[in-house]
Amino acid sequence: MSNQKNDFSKWYIDTIQKADLMDYTPVRGCIAFKPDGFEIWEHIQAEMDKRFKETGHRNAYFPMLIPESFFQKEKDHIEGFSPELPFVTEAAGEKLEERLALRPTSETMIGHLYSDWIKSYRDLPVLINQWANVFRWEKRTLPFIRTSEFLWQEGHTAHVDEEEARAETMQMLNIYKEVVEGLLAIPVYDGQKTPSERFAGAVDTYSIEAMMKDGKAVQAGTSHYLGTKFAEAFDIKYLTKENRHEFVHTTSWGTSTRLIGSVIMVHGDEQGLVLPPRIAPTQVALIPVGPWKKNPAIMEKLDEVFAELKAKGIRVRLDDSDQSPGFKFNEWELKGVPVRVELGPRDLENNQALMKARDEDEKVAVDLANIVGSIEQELQTMQTRLLEKARAFRAEHSHTHIDTIEELRKHIADSADKGEIPGWILAGWCGDDACEEQVKDETMFTTRNIPFNPPAEKSTCINCGKEAKHTVWFARAY
């Protein structure tokens, strides 16, 4: 394994490959999800989908191919996405009259259809989510984090007024925060994006931002209030109770498979992958050790434990392969399996087994009579422990004492000299795009979001020194 501290990118690629989560394909920027990698996404998808449906949303599916003219209808949208759009120009040996884009996101197609579906206030709200793949032709790619094709969900809703649409926007951002922290054990800062970081065509964009172990940020989810921009572009009107035609107010919101990359980068260690129990494809690995083949009672006991765990819905594997115990231990560690249980002849005599949590160094002896309960407890404890560890790491690398760009430059240089990560900084911003851009140009630190609950309030702009309109998180980002 590569070293996290010395070469984080190589460590990340090594971790993914040794855990057998994905494979490269002949198409640049497109990866194949192997079963373990895809199952992690399935667990994320299941929890998200459950939460969406609890709040009244339903799933639908829209076409992948979008006529180029649709993008021309919303000026900001086409300007934001045109550099990333791949187009289909020919089909069945004939040149198409109009180029068809592979969807980078579906606001335009959905806006076109909503204009037919929505006629009256009785049709509102429209609460639809789509699970799909999208394409954005990336110049620099990194598996799961930034690929040309990726999997995601995109919600698209339409409402009678701004108040209802804004409530929807915040509701979905809160769901994202709860799922990412509760399921993935990744702490996030929620807040509003600055105008330059806003979604193309949105009135306001809100995000949850997560810190990776190299100190960089990942935008883990976004929720957008679109106002009436897309409604006006696609003529989505409804008849009010007062018999007037009004434009609907729309929202969109999304998370993607970059959450898988975030899990790897937040929880992984020098040995490789560490998975939170709630999303691990295999939560428990049972391993017979010693001369177990000469002692049938060992496998009988493990079979019994396997059946009990399975009956409780715990994802468990029994490794009775011919590989050495050391090889098996290493293999399951690399796969990030949360809990490993070892049982050998001496353990059986002592009526105990050895249990090791993936994120802990020591094995602990557990009573065979209560082993299933001990495993269940450890899975819950580890889930909480990983979130607490990630929060502690984030707190250690979140800096609130840097108030000027000179101090930021010095902080970056000092961190490099010490072999440390610069992390994130909380700083003031006057609201001028030029100041934001200068910080980015000089330090490669970009605004992540304007947090709803900052740990401190800043009074002066980090760049120009004028009065700050906002307190903002700055960081280098993926």
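Analyst: Strand β9 (residues 189-192) and strand β10 (residues 204-211) pair in the antiparallel sense, with four bridges between them. Helices (H or I, at least four residues) and strands (E, at least two) are DSSP runs numbered from the N terminus, and two strands pair if DSSP finds at least two bridges between them. This is a predicted model, in which local features need pLDDT of at least 70 and side-chain atom pairs count only at pLDDT 80 or more, while totals for chains, interfaces and linings use all residues. Residues are numbered from 1 along each chain as its sequence is written, and side-chain values use heavy atoms, with hydrogens and water left out.

User: OK, and what stands opposite G191 in β10?
Analyst: The residue opposite G191 in β10 is S207.

User: Which strand pairs with β9 over two bridges?
Analyst: That is strand β22 (residues 446-451), which pairs with β9 in the antiparallel sense, and there Q192 stands opposite I450.

User: What order do the strands have in the open sheet of three?
Analyst: The order is β4-β6-β5, with antiparallel pairing. β4 (65-67) and β5 (87-91) stand at the edges with a single partner strand each, so one side of each is left without a neighbour in the sheet. Neighbouring strands of this sheet are turned against each other by 50 degrees on average, direction ignored, where axes are lines fitted to C-alpha atoms, for helices over the stretch in contact, and angles run from 0 to 180 degrees between N-to-C directions.

User: How many bridges join β5 to β6?
Analyst: Four bridges join β5 to strand β6 (residues 94-102), and the two run antiparallel; as an example, V88 has L100 in β6 as its bridge partner.

User: New topic: how many aromatic pairs does a search of the whole structure find?
Analyst: The search finds 14 aromatic pairs. Rings of Phe, Tyr and Trp (its six-membered ring) pair if their centres lie within 6.5 Å, and planes under 30 degrees apart count as stacked, over 60 as edge-to-face and the rest as tilted. One of the pairs is formed by W41 and W131, which is edge-to-face at 5.9 Å centre to centre, with 75 degrees between the planes. W41 lies in helix α2 (residues 35-54) and W131 in strand β7 (residues 126-135), so the pair ties together parts that are 90 residues apart in sequence.

User: Are W41 and W131 buried or exposed?
Analyst: Both W41 and W131 are buried, where buried means under 20% relative accessible area, exposed means over 50%, and partly exposed lies in between (1.4 Å probe, protein chains only). W41 and W131 also belong to one aromatic cluster together with F52 and W253.

User: And what about Y114 and W117, how far apart are the centres of their rings?
Analyst: Their centres are 5.7 Å apart and their planes stand at 45 degrees, so this pair is tilted. Both residues lie in helix α5, three residues apart, which is about one turn of the helix. Y114 counts as buried at 2% relative accessibility, whereas W117 is partly exposed, with a relative accessible area of 42%.

User: How many cavities of 30 Å³ or more are there?
Analyst: A search of the whole structure finds two. On a 1 Å grid over the protein atoms alone, a cavity is a set of points where a 1.4 Å probe fits but cannot get out, and lining residues have an atom within 4 Å of a point. Grid points are joined across faces, edges and corners, and a volume is the space filled by probe spheres set on the points. The largest cavity has a volume of about 70 Å³, and its lining includes Y114, H156 and T250.

User: Which element gives the most to the lining of the largest cavity?
Analyst: α5 does, with four residues.

User: What is the volume of the second largest cavity?
Analyst: Its volume is about 50 Å³, and the residues that line the second largest cavity include W332, E333 and R340. Elements that give two or more residues to this lining are α10 (325-334), β17 (339-343) and β18 (352-357).

Methods
On a 1 Å grid over the protein atoms alone, a cavity is a set of points where a 1.4 Å probe fits but cannot get out, and a pocket is an open set with protein on both sides within 12 Å along at least five of seven lines; lining residues have an atom within 4 Å of a point.
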